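Look at the sequence and the 3D structure shown here.

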Amino acid sequence: MQPPRNILSIQSWVSYGHVGNAAAVFPLQRMGFEVWAIHTVQFSNHTGYGQWKGMILPPEHLVAVVEGIAERDVLGQCDAVLSGYMGSGGTAGAILSALHKVRQLNPSALFCCDPVMGDEGRGLFVRPEIPEIIKNQVLPQADILTPNQFELELLTEHPSKTLPEALEAARIVRARMHPGGPRIVVVTSLLRQGAPENTIETLAVAEEGAWLVRTPRIPLEPPRNGTGDAIAALFLGRYLQTHQVAQSLEHAVSAMYNLLLLTHQMNTREIQLIAAQDEYINPSRRFAAEQVA
């Protein structure tokens, strides 16, 4: 039996519910990965409730934990680094420092960045300096980027209201990404002109082409937290297993749809991450990727 592959995931953590590492780690483990989780915050619950307890962990804590892992002489066995919400410039710096250490030992390690900054309706919900830090410091190091439609427009200052606009915006981002990597952009929560009514789409753009997966739009109000964290993890995991963009997109979107459908059926505020665990291995309903470029 082959040893499992390893992913260093640096994200927030909540004790109750599923966002950040609490949304990403379990699906990856269920897919067969070892996940070395480093938490940027330790909160009682996600901030969507309006009230929470806990603390933001300082960047030097993150650096120290990475140093401790390095002292085990295992960083060279890290196949990918996954990041999400960055609460401060210091957090971003600590993540990039960890990535640098990993790449020194394993140049082929991938960096998957979910550039969490905001979304349609809510607008920007990070500190004002974060978009520029992501654009100028983080984006040039990323191999895989998973923005939602709002974040794609923020990073490019280019509209993405139609499919040609979204493709162009993704190409703008790809031109700025890590030149040594696959440079894959996965645009989530895409609501564009010309799409069938009551649907939502996910677009993946890479060197070898572009693909779109469309699913019914599940009426979840309020929108559930942690969905972006989960789909980024699902795509990264499948891509590490297959190195196939279209197949990874189909798998991640299908698993995510089935997870959200179960959440809707159970009428819960938190995504049903544990109840839907078999979906991460073999999605019960699959949606095909359509090549669009």
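## Helix α1 and its surroundings

Against which elements do the buried residues of α1 pack? They pack against β1, β2 (34–43), β4 and α7. Keep in mind throughout that this is a predicted model.

Helix α1 covers residues 21–30 and is mostly covered, with seven of its ten residues buried. The buried residues of α1 are Asn 21, Ala 22, Ala 23, Ala 24, Val 25, Pro 27 and Leu 28. After α1 comes Gly 32, which has a positive phi, near 105°.

## The sheet

Strands of a sheet pair through backbone hydrogen bonds, either parallel or antiparallel. Here an open sheet is built from ten strands with mixed pairing, in the order β3-β2-β1-β4-β5-β8-β9-β10-β11-β12. Why is one side of β3 and of β12 left without a neighbour in the sheet? β3 (54–56) and β12 (290–291) stand at the edges and each has a single partner strand, so one side of each has no neighbour in the sheet.

Strand β4 (residues 78–83) is mostly covered, and six of its six residues are buried. β4 runs parallel to strand β1 (residues 6–14), and five bridges join the two. In this pairing, Leu 8 stands opposite Val 81 in β4. β4 also runs parallel to strand β5 (residues 110–113), to which four bridges join it. There, Ala 80 stands opposite Leu 110 in β5.

## Helices on the sheet

Strand β8 (residues 144–145) pairs with strand β9 (residues 184–190) over two bridges, in the parallel sense. Leu 145 stands opposite Val 185 in β9. Helix α6 (residues 163–176) packs on the sheet and touches β8, β9, β10 (199–206) and β11 (209–216). The direction of α6 makes about 40° with that of β10.

Two packed helices are described by the angle between their axes and the distance between the axes. Helix α7 (residues 227–242) packs with helix α8 (residues 245–266) at an angle of about 145°, and their axes are 8 Å apart. The crossing of α7 and α8 is right-handed. On the α7 side, the residues making the contact include Ile 231, Leu 234 and Phe 235, and on the α8 side they include Leu 249, Val 253 and Met 256. The residues of this contact divide into twelve nonpolar, five polar and one charged.

## Nonpolar cores

In soluble globular proteins, nonpolar side chains tend to be buried together. The largest nonpolar core in this model has 47 residues. Which of its residues touch the most other members? They are Leu 8, Phe 111, Val 138, Leu 145 and Leu 203. Helix α3 (residues 89–105) gives the largest share of this core, seven residues.

Phe 111 shows what such a position looks like in detail. Leaving aside its neighbours within four places in sequence, Phe 111 is in contact with residues including Val 81, Ile 95, Leu 96, Leu 99, Val 138 and Ile 144. The contacts of Phe 111 also include Ser 83, Arg 103, Gln 141 and Asp 143. Another core, of 43 residues, lies apart from the largest one, and among its members are Val 25, Leu 28, Ile 184 and Leu 259.

## Single residues worth a look

Pro 222 is placed in the loop between β11 and α7. The peptide bond from Glu 221 to Pro 222 is cis, with omega near 0°.

Neither His 243 nor Asn 267 is a glycine, yet each has a positive phi of about 55°. His 243 lies in the loop between α7 and α8, while Asn 267 lies in the loop between α8 and β12. Is each of them buried, partly exposed or exposed? His 243 has 42% relative accessibility, so it counts as partly exposed. Asn 267 has 64% relative accessibility, so it counts as exposed.

Glu 153 is placed in helix α5 (residues 149–156). Glu 153 counts as buried because its relative accessibility is 18%, and the cut-off for buried is under 20%. Leaving aside neighbours within four places in sequence, Glu 153 is in contact with His 158, Pro 159, Ser 160 and Lys 161.

Note on methods
Residues are numbered from 1 along each chain as its sequence is written. This is a predicted model: local features need pLDDT of at least 70, side-chain atom pairs count only at pLDDT 80 or more; totals for chains, interfaces and linings use all residues. Side-chain values use heavy atoms; hydrogens and water are left out. Axes are lines fitted to C-alpha atoms, for helices over the stretch in contact, and angles run from 0 to 180 degrees between N-to-C directions. A crossing is left-handed if the near helix is turned anticlockwise from the far one by less than a right angle, and right-handed if clockwise. Contact means heavy atoms within 4.5 Å. Ala, Val, Leu, Ile, Met, Phe, Trp, Tyr, Cys and Pro count as nonpolar, Asp, Glu, Lys and Arg as charged, and the others, Gly among them, as polar. A nonpolar core is a set of buried Ala, Val, Leu, Ile, Met, Phe, Trp, Tyr and Cys residues joined through side-chain atoms within 4.5 Å. Buried means under 20% relative accessible area, exposed over 50%, partly exposed in between (1.4 Å probe, protein chains only). Two strands pair if DSSP finds at least two bridges between them.
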